[in-house]
Amino acid sequence: QLQLVESGGGLVQPGGSLRLSCAASGGTLDHYAIAWFRQAPGKEREAVSCISFRGGRTNYHYSVKGRFTISRDNAKNTAYLQMNNLKPEDTAVYYCVADLLYSDPCTYGGGPWGQGTQVTVSS
């Protein structure tokens, strides 16, 4: 079974940047579409971005479009989320999700999740 481990979260000031990584094991990541979700305390989980299994198609939540970039390196079995110009509203636990299909808009199709990585944006 595919296992996912997120890393790269931390505490940053508004306007700062982070790069999240999603490392896969137990399978080859190029068999899956990848999505990043986030969940803030007291808020519902929302899709941030997703990418097709070859990386040719991507989609972004309107609130992060132009600031975040999703990518993948299938040779390294890793997906990424580059987050620039971070805002306090981006504070959340970020999760990497693998699924068999890419969709627009990004949706959860029942695939495995990582453990999450905390992103905190604060002055």
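Asn-77 counts as buried, because its relative accessibility is 16% and the cut-off for buried is under 20%. The model is a predicted one. Asn-77 sits in the loop between strand E7 (68-73) and strand E8 (78-83). Its backbone deserves a look. Asn-77 is not a glycine, yet its phi is positive, at about 55°.

Now move along to Asn-85. This residue belongs to the loop between E8 and E9. Asn-85 also is not a glycine and has a positive phi, here about 50°. Is Asn-85 buried or partly exposed? Asn-85 counts as partly exposed, because its relative accessibility is 45% and that class runs between the 20% and 50% cut-offs.

The peptide bond that runs from Asp-104 to Pro-105 is cis. Its omega is near 5°. Pro-105 lies in the loop between E9 and E10.

That loop leads on to the aromatic rings. How many aromatic pairs does a search of the whole structure find? The search finds four. One of them joins Tyr-95 and Trp-113. A pair of aromatic rings is described by the distance of the centres and the angle of the planes. For Tyr-95 and Trp-113 the distance is 5.8 Å centre to centre, and the angle between the planes is 80°. The pair is therefore edge-to-face, since that label applies to planes over 60 degrees apart. Tyr-95 is in strand E9, while Trp-113 is in the loop between E9 and strand E10 (117-121). The two residues are 18 apart, so the pair links distant parts of the chain. Trp-113 is partly exposed, with a relative accessible area of 24%.

Step back from this pair to the cluster. Ring pairs link Phe-37, Tyr-95, Tyr-108 and Trp-113. Arg-45 lies over the face of Phe-37, 5.9 Å from the ring centre. Arg-45 also lies over the face of Tyr-108, at 5.6 Å from the ring centre.

A search of the whole structure finds one cavity of 30 Å³ or more. The largest cavity holds about 80 Å³ of space. Which elements give two or more residues to its lining? They are strand E4 (33-39), strand E5 (46-51) and strand E9 (92-99). E4 gives the most, with three residues. Among the lining residues are Ala-33, Ile-34, Ala-35, Cys-50, Ile-51, Val-97 and Asp-99. Leu-101, Tyr-102, Ser-103, Cys-106 and Thr-107 line the cavity too. By type, the lining has nine nonpolar residues, two polar and one charged.

Leaving aside neighbours within four places in sequence, Ser-52 is in contact with Ala-33, Arg-57, Arg-72 and Tyr-102. Ser-52 is in the loop between E5 and strand E6 (58-60). Ser-52 is buried, because its relative accessible area is 4%, under the 20% cut-off.

End with Gly-9. Gly-9 is in the loop between strand E1 (3-7) and strand E2 (10-12). Its relative accessibility is 32%, so Gly-9 counts as partly exposed. Which residues does Gly-9 contact, leaving aside its neighbours within four places in sequence? The contacts are Leu-18, Leu-20, Thr-117, Gln-118 and Val-119. Tyr-60 stands 51 residues from Gly-9 along the chain, and their C-alpha atoms are separated by 19 Å.

Methods
Residues are numbered from 1 along each chain as its sequence is written. This is a predicted model: local features need pLDDT of at least 70, side-chain atom pairs count only at pLDDT 80 or more; totals for chains, interfaces and linings use all residues. Side-chain values use heavy atoms; hydrogens and water are left out. On a 1 Å grid over the protein atoms alone, a cavity is a set of points where a 1.4 Å probe fits but cannot get out, and a pocket is an open set with protein on both sides within 12 Å along at least five of seven lines; lining residues have an atom within 4 Å of a point. Grid points are joined across faces, edges and corners, and a volume is the space filled by probe spheres set on the points. Helices (H or I, at least four residues) and strands (E, at least two) are DSSP runs, numbered from the N terminus. Ala, Val, Leu, Ile, Met, Phe, Trp, Tyr, Cys and Pro count as nonpolar, Asp, Glu, Lys and Arg as charged, and the others, Gly among them, as polar. Buried means under 20% relative accessible area, exposed over 50%, partly exposed in between (1.4 Å probe, protein chains only). Contact means heavy atoms within 4.5 Å. Rings of Phe, Tyr and Trp (its six-membered ring) pair if their centres lie within 6.5 Å; planes under 30 degrees apart count as stacked, over 60 as edge-to-face and the rest as tilted. A charge sits over a ring if NZ of Lys or CZ of Arg is within 6 Å of the ring centre and within 35 degrees of the ring normal.
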